[in-house]
Amino acid sequence: MLTITSLSKRHANAVQAVFSGLSFSVQAGEVVALVGESGVGKSTLLNCIAGLEPADEGSILVGRQAQDIVRLGEAARAALRASSIGFVFQAFHVLPTLSVAQNIAVPLLLAGVAAGEHAARIEALLARVGLAGFGPRWPASLSGGELQRVAIARALVHRPALILADEPTGNLDPRTADEILALLLERVREQHAAALIVTHSQHVAQCCDRVLTLTPEGLQ
Amino acid sequence: MIRLAWWLVRAQFTTRRMATALSMLAIALGVALGYAIHLINAAALADFSQAMKSVQGEPDAVIAPRDSAGQVPLALINEIARDADVAIIAPVIETRVRIDNATMAVKLIGLDVFSAAAVTPKLLPRQSDRVAGGSVFEDGVYASPTLLARFKLAPGDAVTLVRGDTHWRTRIAGDLPAARPDDLLLVADIAWVQARFGPAGGVSEGRVRLASGVRVGNWLGAWAGRLPAGLALRAAEDDSARVSNVSRAYRVNLNVLALVALLTGAFLVFATQLTAVAQRSTQFALLGVLGLSPRLRLWQVLLEGLAIGVPGAGLGLVLGYVMSLAFTQVIGGDLGGGYFSGSAPAILPRPAPALGFFALGCAASLTGALYPAWLNRIQPLAQALKTGFAQSPPSGGAAPRRRRWLKGAAMALVALAAIGLTRLPALFDLPLAGYAAIALVLVLGIGAAPPVTQIVFGALARLRLPAPLRIAVQNIVQAPLMAQVAASGLIVSFALTVSMVTMVSSFRTAVDQWLDVVLPAPMYVRSKGVPLPRELLGALAQPAAPFEKVERSAAVSLSLDPQRPAVALLVRELDRAEAAARLPFTGAVLAAPADRLVVWISEPMQQLYRLAPGQSLRLPLLGREVEAFIGGTWRDYARQFGAVVIGAADYVALGGRFEPTDLALWPRPGEEAAARTWLAKFTADYGLEMAESGEIRKLSLSIFDKSFAVTYALEAAAMLIGLFGLAVTLAAGVWLRARELATLSALGFDRAMLTRAVMFEGAMIAGIGLVIGLACGVAVGAILTHVVNPQAFHWRMKLEIPWLQVLPGAALSLLAGIFASRFAARQATRLPVAQVLANAQ
Amino acid sequence: MRRRSFLLSALLLGALRGAAAGDGGVRYASVERRTRLAFPRDHGAHPAFRTEWWYVTGALDLPRPDMGFQLTFFRTRPGRAEDLDSPIAARQILFAHAAITRPGAGLLHAERAARANLGAGFSTADCDVHIGAWQIRRHDEGQGGESIRISMQDASFAFDLVLKPAQPLMLQGDQGYSRKGPRPELASHYVSWPQLQVEGAVALDGKREKAAGRAWFDHEWSSEVLGPDSVGWDWVGINLDDGGALMAFRIRDARGASVYAHAALRDRGGRTRQFDAGEVQFTPIRTWTSPRNGAHYPVELEIRFGPHTVQTSPVLDDQELSTHRPALINYWEGLVKVSGTLSGRGYLELTGYAGALKL
């Protein structure tokens with residue numbers, strides 16, 4: 001579901017590469033943790049995989065069709081994200097002006113899923129993340145944990161092949177963090193998606209199938 | 001996808017109600033002004049040409065003397081009638097008479113019922129049943145219903161029609177059933193009008209209907225060579241062109257103002273959408289990450305612009321319609337321009353122009369959304385998601401210094417272009433280059449905003465300021481976009497206002513000074529186009545008359561060009577030697593060769609007909625062409641279409657009849673009251689108008705002020721829009737910094753300090769906007785005064801900047817700006833600090 | 001007698017009525033039996049009389065057979081503005097009427113009106129009358145020859161014809177003194193010129209075609225013709241096929257009875273016989289009903305005079321004319337063929353059938 005080969009990235013005007021020659025892959029149903037010190041380039045790698053930042057060399061094959069996101073144009077990258085990638089962020093990023101159901105419907109709209117299916121899928125997923133009946137509510141009335149549950153539902157609703165999560169529990173208290181992590185892993189495995197989770201937390205890393213550590217020298 | 005777009009539009013509207021409503025209102029205002037001007041003018045023109053048609057009928061061609069004192073000889077009418085290409089020629093005699101010495105003179109049309117039936121059916125008289133045994137060929141006049149009502153007359157009543165010393169004692173024999181409600185008309189048989197008031201052996205004009213299949217142009221060409229010099233044959237189509245030309249420049253001027261209002265509306269959409277994009281940068285970034293394509297991110301903002309434009313433009317149409325109704329009722333159909341008189345014309349909206357103005361409103365709003373949309377499209381997603389709005393696109397290769405240099409060069413070029421444009425002559429009789437120059441000045445002003453903000457705030461940043469103020473200054477230096485947007489809104493609107501005030505004030509001062517020169521006498525008597533009675537003129541010549549000096553004058557109109565309105569020929573009692581002292585000359589007064597006729601032309605005349613003192617001018621006078629020497633050009637703000645002054649003695653020597661219609665009177669010192677009483681007898685008996693120079697002056701200035709009513713309305717609208725824009729952008733700028741303000745709060749700044757900082761920032765931005773706006777306004781005012789006015793209306797004047805109005809206006813705007821920023825700051829600082837810090841995203 | 005006077009508009013009727021009552025102060029010249037006519041002066045206008053008309057009717061064989069045409073000028077002196085000091089005072093008013101009958105295709109007609117000296121005029125020395133470009137004018141052709149040129153043009157038709165006399169003038173009644181009623185003062189001066197050869201051009205819908213045929217010219221002036229009991233008249237002017245000429249009329253009262261009648265027949269040898277009221281009889285044979293106003297016109301008439309009996313048959317039933325300016329007056333006037341003891345073609349006029357005529 002994600003195959004990275006000889007990936008290199010250098011910031012504009014920088015002498016030193018952020019990383020170079022990275023190669024790894026994540027299989028369907030596999031949850032991989034990406035750890036490393038701050039500033040080592042974890043987020044940059046994640047952005048490259050999502051097509052938000054261009055890579056300089058190498059290839060990133062994403063999704064069931066194994067499209068190389070490095071070689072795609074801007075619109076095609078957006079389309080690939082819409083169809084094949086789900087995102088979970090540390091800051092939740094739930095749109096405050098849309099209701100919970102509308103937030104979750106966004107990927108369905110972007111992926112072009114038939115409108116008739118939306119309500120049922122959203123309802124089912126809300127139940128699976130423990131938010132049954134939250135559909136009409138507004139994000140402002142939700143707690144942090146609830147917001148992240150919404151985000152997880154949004155990340156999964158269009159059944160992406162790949163889930164990218166950036167510190168999904170970073171803004172939550174430990175108890176809620178455990179619940180959310182368990183929920184995320186459970187749902188990812190249930191949908192047989194691949195997941196790459198960037199984290200500083202040993203605990204989170206331990207819960208994953210595999211741990212990749214990014215250092216200035218490369219992957220370990 | 002449409003659903004998502006709609007959700008976002010709706011969310012945007014509900015969360016930013018005020019800004020959205022204001023933007024809509026601004027677009028609506030621009031559309032409304034433009035549309036109202038269009039509606040009123042279309043109605044007034046239609047009304048005017050209909051009025052003309054009802055009186056003149058719908059002939060193919062008209063034969064008329066080029067000199068209003070002239071006539072068309074009967075022999076020529078009869079000769080044209082026998083032309084096989086002519087279906088019919090309708091001769092008419094038009095004159096003005098007073099009814100029983102009423103002050104107001106009315107039009108008396110002498111017509112021939114046989115030909116009138118075919119050419120001017122609306123003027124056909126109807127014999128009243130109450131008038132026994134009469135017929136149209138007998139002694140009697142027929143009055144329009146409005147005239148009957150106005151003068152409280154009924155068929156059968158005896159009336160005396162007075163023109164100068166000629167009296168016609170007759171009776172109202174019936175009415176004019178097809179006359180329009182505005183027509184104040186008397187109609188009688190042409191022979192009776194001729195026998196009573198002349199012209200002997202001729203008529204005023206002949207209206208020709210051509211046989212079917214005859215081309216007007218060919219026929220005119222065939223006759224052109226056969227006419228005596230004093231007559232002109234013109235296609236009737238020229239008349240409607242002339243009617244339209246009468247108010248064209250004034251109309252275009254108003255439409256340009258409406259366009260400016262619309263542009264200001266577009267600017268407000270720009271400000272709203274820009275801040276909307278900035279505020280929602282993380283949201284849009286998220287949507288981009290989730291897979292919303294860049295093109296759709298662009299379209300979303302455009303769509304939101306359109307969502308403002310469509311209801312705004314729709315509202316504008318409704319408002320415009322209402323405004324046009326109100327304006328025509330209050331000011332009349334001439335928009336205060338004084339071109340058409342009469343009652344309020346009927347407003348008739350048609351679909352095509354309405355759609356046009358609707359589209360214009362939408363286009364303006366789309367234009368405003370264009371840059372924000374582009375900015376939204378190029379936002380770097382990952383960065384925007386993390387740190388929010390990026391103000392400028394990722395910088396290209398050029399070094400900042402070189403870029404600054406390039407920018408400076410571009411602005412210098414624009415300035416040069418603007419100066420160049422002001423040197424160009426009018427195009428199609430319109431000051432198009434002048435308008436373009438105005439646009440460039442505004443571009444220059446907006447372009448100057450970023451460097452000036454940077455320089456001023458850069459300098460402020462180096463000062464030792466209290467911490468909150470320094471933070472505010474620093475903020476603008478680092479992220480100047482919002483400040484620049486807010487400032488440019490003020491620049492445009494304040495420039496517009498200053499320029500208008502400057503132009504109007506220059507004009508008013510010039511008119512004021514001009515009135516001093518053209519109203520030298522303490523008293524004036526006039527008879528509104530009807531010759532003054534001989535009895536009065538005779539009495540004035542007696543030594544018993546309490547005046548030390550009397551100057552008599554008369555006016556006729558000359559048609560120099562069938563496409564243009566007629567030129568006034570003013571016959572005045574002045575010597576060629578003393579002309580310099582009696583007319584407000586703009587330049588040197590040339591001494592004419594003793595054997596040549598000398599005339600003095602007005603400034604509009606000089607420009608319209610491209611004449612110059614020293615040249616000779618051929619005037620169609622008294623049935624022939626008379627060659628005259630142009631002795632000089634004098635200033636005239638009263639007759640936009642040109643005037644020529646000729647000495648009364650010269651006019652009489654040429655064979656003209658000097659029938660004075662106006663008197664300037666200098667009472668003997670100390671006998672002013674006696675003079676008034678002396679005159680009162682005549683003014684009462686002959687329905688004359690007497691006024692003292694002070695009254696005339698007051699009346700003239702009040703007419704002047706009325707004619708600029710629309711301009712004042714536009715100014716106010718522009719200024720309001722500019723202030724709205726400032727408020728919206730300031731509020732958005734502050735909102736964007738809510739997290740920063742909250743952090744400062746947490747660090748121990750209290751609310752009042754923060755509010756002060758934001759207010760300081762607002763004041764600085766408003767100050768910069770106002771200063772640049774003032775500079776631009778003076779420049780635009782100078783262009784309006786020195787380029788647009790002379791080219792559009794053919795009058796020149798000195799530039800007068802009304803500091804007493806401009807500076808308080810600036811101070812008021814500054815206060816409004818500070819108030820707006822205070823409001824914005826309070827909105828931002830009202831949120832609980834913790835919530836902002838936690839939920840900034 | 002007759003004709004065209006009813007072309008007067010309602011606007012003018014007031015003027016005429018007033019004058020007839022004598023309060024206008026105008027004294028019209030009166031028709032005197034002893035007046036001897038002289039030509040060409042008496043071809044010209046007689047402005048001292050109240051009414052006068054010049055009248056040309058004819059039948060064309062070119063461009064199409066049995067095509068009828070007429071051009072009439074009518075002069076009236078309403079007796080108003082007589083003392084007004086203006087060259088364009090409405091002392092003399094002219095009306096003109098033109099029509100073309102196209103068998104099988106209907107009637108075209110047009111009219112003009114103007115006051116003398118303002119788009120119209122007449123000569124008192126010879127036949128020369130015009131309104132705008134419409135005219136009837138006599139020309140001397142040298143060597144004693146003469147002709148009459150008539151021309152008119154309107155949106156749908158125009159003609160320009162030269163009429164050449166083949167016979168001398170026919171002075172009606174007693175040397176041109178023609179009685180119109182039982183009282184001797186009801187009379188006119190009446191001159192006819194039958195059997196005129198027509199050449200020229202006719203334009204229909206802009207297409208100009210050569211025209212040829214025969215015409216009848218009438219010139220009549222008077223100050224008083226109709227008595228108070230009369231409602232209308234029937235009149236014929238026929239160019240007989242053998243070169244003779246027939247003129248007959250009767251004046252009807254409200255019951256349809258003849259108030260007065262007269263006929264004149266000139267044979268091809270130039271001998272004229274007059275038939276007085278007792279010898280002339282008009283009998284309707286067939287009426288045609290106007291679809292516009294329901295009036296019944298006896299378009300087929302039997303006319304007996306002396307030993308002769310002739311019947312009229314129209315080349316087109318609908319030759320009804322309406323003048324619109326400004327009051328609507330309907331009458332029938334058109335080309336008919338005549339058969340019986342005499343045969344020929346000419347014009348029949350039937351007035352007073354669609355409402356009584358008021359003069």
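Tutor: Two residues are taken to be in contact if their C-beta atoms, placed from the backbone, lie within 7 Å. By that criterion, and leaving aside residues up to four places away in sequence, C:Leu163 touches C:Val56, C:Ser147, C:Ile148, C:Ile150, C:Leu196, C:Val198, C:Ala215 and C:Phe217. The model is a predicted one, and every value below is computed from it.

The interface between chains B and C comes next. Chain B contributes 33 residues to the contact and chain C contributes 30 residues. On the chain B side, at least two residues each are supplied by helix H3 (74-81), strand E3 (86-99), helix H4 (113-119) and helix H6 (190-197). H6(B) accounts for the largest share of that side, 5 residues. Sorted by class, the side of chain B that touches chain C comprises 18 nonpolar, 10 polar and 5 charged residues.

Chain B also meets chain A, where 20 residues of chain B are in contact with 21 residues of chain A. The chain B elements giving two or more residues to this side are helix H1 (2-15), helix H9 (281-290), helix H10 (294-330) and helix H12 (381-387). H9(B) gives the most, with 6 residues. The side of chain B that touches chain A divides into 12 nonpolar, 6 polar and 2 charged residues.

Within chain B, the helix packing may be followed from helix H14 (residues 432-462). H14(B) packs against helix H16 (residues 481-518) of chain B at an angle of about 145°, and the two axes are 9 Å apart. The crossing of H14(B) with H16(B) is right-handed. From H14(B), the residues that meet H16(B) are B:Leu442, B:Gly445, B:Ile446, B:Ala449, B:Pro450 and B:Thr453; their counterparts in H16(B) are B:Ala483, B:Gln484, B:Ala487, B:Ser488, B:Ile491, B:Val492 and B:Ala495. The contact of H14(B) with H16(B) contains 9 nonpolar and 4 polar residues, and no charged ones.

H14(B) also packs with helix H15 (residues 467-478) of chain B, the axes coming within 9 Å and crossing at roughly 145°. Here the crossing is left-handed. H14(B) takes part through B:Thr453, B:Phe457, B:Gly458, B:Leu460 and B:Ala461, while H15(B) takes part through B:Val473, B:Gln474, B:Ile476 and B:Val477. By class, this contact of H14(B) with H15(B) has 6 nonpolar, 3 polar and no charged residues. B:Thr453 is listed in the contact with H16(B) and in the contact with H15(B).

Strand E7 (residues 162-166) and strand E8 (residues 194-198) of chain A run parallel and are joined by 5 bridges, with A:Ala195 in E8(A) as the bridge partner of A:Ile163. Strand E3 (residues 31-35) and strand E9 (residues 210-215) of chain A are likewise parallel, over 4 bridges, and A:Val32 has A:Arg210 in E9(A) as its bridge partner. E9(A) and E10(A) run antiparallel, joined by 2 bridges, and form a hairpin with 2 residues between them. In E10(A), A:Leu219 stands opposite A:Leu214.

In chain C, C:Arg273 lies in strand E17 (residues 272-275). C:Arg273 counts as partly exposed because 14 C-beta neighbours fall inside 10 Å; the class lies between exposed, at 12 or fewer, and buried, at 20 or more. C:Arg273 and C:Gly173 are 100 residues apart in sequence, yet their C-alpha atoms are 9.6 Å apart in space.

Methods:
Residues are numbered from 1 along each chain as its sequence is written. Chains are lettered from A and ligands numbered from 1 in the order in which they are written. This is a predicted model: local features need pLDDT of at least 70, side-chain atom pairs count only at pLDDT 80 or more; totals for chains, interfaces and linings use all residues. Ala, Val, Leu, Ile, Met, Phe, Trp, Tyr, Cys and Pro count as nonpolar, Asp, Glu, Lys and Arg as charged, and the others, Gly among them, as polar. Two strands pair if DSSP finds at least two bridges between them. Axes are lines fitted to C-alpha atoms, for helices over the stretch in contact, and angles run from 0 to 180 degrees between N-to-C directions. A crossing is left-handed if the near helix is turned anticlockwise from the far one by less than a right angle, and right-handed if clockwise.
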